[in-house]
Amino acid sequence: MLRETRGKLSLASQVRGLRTRATPAVLRTSVQPSVVEQEVVEHTPEAEEELTKYAIQRVNDQIGENKHGRLFAVIYLQGKQHLVTAEDLVVVQGPFAPTIGDTFRLEKILAVGGRDFTLLGRPLLHKDLVNVEATVVEKSLSHCRIFFYNRRRKNSRKTKFERETHTLLRIHRVELLHKVNEAPDIEGVDGRIF
Amino acid sequence: MVITSPTLFARARGGDRYWKRRRILALSSHFFGRKQNCYSIAIKYVHRALRYGVRARKLKKADDRELWDTRINAGCFELGTKYSDMKAVMNDTGIALDRKILQNMAVWEPRSFRALASLTKVKQAEMGLNTLGSPPPSGVVTRGML
């Protein structure tokens with residue numbers, strides 16, 4: 001409540017008198033322990049191993065009984081990656097040695113998969129795990145690509161025509177050769193001509 | 001009167017104006033208006049079209065890459081991760097699938113793509129990243145080997 005003015009004190013000075021005295025910051029000498037919430041992470045290596053074994057067993061059952069169905073493979077060919085299945089056509093651009101009728105095996109496989117599982121290589125899968133066979137079906141030239149450079153009104157014009165070789169491969173097999181974690185002792189030897 | 005021998009030292013200069021114009025007009029047959037039939041108008045637009053073709057062949061590669069990035073990112077967001085995180089985890093684990101394959105898998109091999117997304121979430125959780133959102137998916141076992 002404001003004091004009764006005697007006509008000389010301004011409103012501001014009257015209000016100033018109502019303010020409480022500023023108290024210094026109270027330092028808390030003792031910190032109350034707050035409730036600490038901790039997350040208990042359960043480390044269960046046995047359960048993880050069980051799950052791993054179960055998953056690999058399921059995959060191997062499918063491989064053993066050949067029940068995985070159609071498989072796709074990610075192949076690495078001439079610097080490019082292609083996702084292929086059986087009966088696919090792959091176009092290889094540029095010079096490629098194999099001629100029509102040559103059948104060969106594509107060895108650089110980055111991944112293989114089916115309906116129920118995928119095997120990812122880091123970066124490549126083992127050579128003896130997957131068999132991807134391809135046959136050269138056609139060796140032809142691409143369409144004619146025109147490289148036309150023109151500087152208008154400067155009488156400068158250049159025309160170039162280019163057709164690069166295209167090789168068509170037919171992938172006729174993508175299959176798994178052995179079960180997961182059951183690789184042969186010596187790998188990379190079968191079918192090689194030394 | 002029968003001419004039995006050609007004129008001495010006669011030259012046959014040019015004479016292929018028709019075929020020169022045919023070559024240009026063949027390329028302009030899908031244009032609109034006089035540009036497709038009148039040579040002196042068509043030649044400008046054919047030259048422009050050919051220049052655009054050269055330029056576009058270079059740009060197509062960047063455009064494709066951008067489209068693939070968009071698709072992969074969209075797939076990742078649907079599954080609760082980001083493409084940048086997936087890239088980092090794939091680099092860490094040594095999986096070398098490129099953009100073309102990843103966008104293909106995002107569309108046509110969704111289970112394989114989901115496996116990669118689950119792997120990114122679990123690996124990031126192991127590193128302590130992106131833990132404020134939902135917990136990592138169960139059923140993914142790395143055993144510290146990946």
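## Reading the A–B contact and its pockets

Modeller: Let's begin with the interface: chain A and chain B bury about 2,400 Å² between them, with 59% of that area on carbon and sulfur atoms. Keep in mind that this is a predicted model.

Colleague: Thanks! Which residues of chain B lose the most area to chain A?

Modeller: First the general idea: the size of an interface is often given as the accessible area lost when the parts come together. In this case R51(B), R57(B) and R143(B) lose the most, together 21% of what the chain B side buries.

Colleague: And how many residues does each chain bring to the contact?

Modeller: Chain A brings 25 residues and chain B brings 24.

Colleague: Could you place chain A for me? What is the order of its elements from the N terminus on?

Modeller: The order is α-α-β-β-β-β-β-β-β-β-β-β, that is, two helices and 10 strands. Of its 194 residues, 29% count as buried. Among contacts in chain A with a separation of 6 or more, 66% join residues 24 or more positions apart. Its accessible surface comes to about 14,900 Å², and carbon and sulfur atoms hold 52% of that.

Colleague: Now the pockets. What is the volume of the largest pocket?

Modeller: The general idea is that rolling a probe the size of a water molecule over the atoms shows where empty space is left. Here the largest pocket has a volume of about 1,900 Å³. Its lining has 44 residues, and A55(A), I56(A), T118(A), L119(A) and L120(A) lie nearest the centre.

Colleague: Which element gives the largest share of that lining?

Modeller: Helix 2 of chain A does, with eight residues. Strand 6 (118-120) of chain A and helix 5 (110-127) of chain B each supply at least two residues as well. By residue class, the lining divides into 22 nonpolar, 14 polar and eight charged.

Colleague: How much space lies in the second largest pocket?

Modeller: About 880 Å³. Of the 29 residues lining this second largest pocket, K80(A), Q93(A), D64(B), W68(B) and K100(B) are the closest to its centre. Two or more lining residues come from each of strand 2 (80-84) and strand 3 (88-93) of chain A, and from helix 2 (39-78) and helix 4 (99-108) of chain B. The lining of the second largest pocket has nine nonpolar, eight polar and 12 charged residues.

Colleague: Let's finish with the backbone. Which peptide bond is cis, with omega near -15°?

Modeller: The one from R122(A) to P123(A). P123(A) is found in the loop between strand 6 and strand 7 (130-141) of chain A.

Colleague: And where is Q78(A) found?

Modeller: In the loop between strand 1 and strand 2 of chain A. Q78(A) is not a glycine, yet its phi is positive, near 55°. With a relative accessible area of 43%, Q78(A) is partly exposed.

Colleague: What about N155(A): buried or exposed?

Modeller: Exposed, at 81% relative accessibility. N155(A) also has a positive phi, about 55°, without being a glycine, and lies in the loop between strand 8 (145-151) and strand 9 (156-162) of chain A.

Notes:
Residues numbered from 1 in each chain as written. Chains lettered and ligands numbered in written order. Predicted model: local features only at pLDDT ≥ 70, side-chain atom pairs only at ≥ 80, totals over all residues. Heavy atoms only, no water. 1 Å grid on protein atoms, 1.4 Å probe; cavity = no way out; pocket = protein on both sides within 12 Å on 5 of 7 lines; lining within 4 Å. Points joined across faces, edges and corners; volume = space filled by probe spheres on them. Helix = DSSP H or I, 4+ residues; strand = E, 2+ residues; numbered from the N terminus. Nonpolar A, V, L, I, M, F, W, Y, C, P; charged D, E, K, R; others polar. Buried < 20%, exposed > 50% of the residue type's maximum accessible area, 1.4 Å probe, protein only. Contact = heavy atoms within 4.5 Å. Areas by Shrake-Rupley, 256 points an atom, 1.4 Å probe, with all protein chains shown as cover. Buried area = accessible area lost by both parts, 1.4 Å probe.
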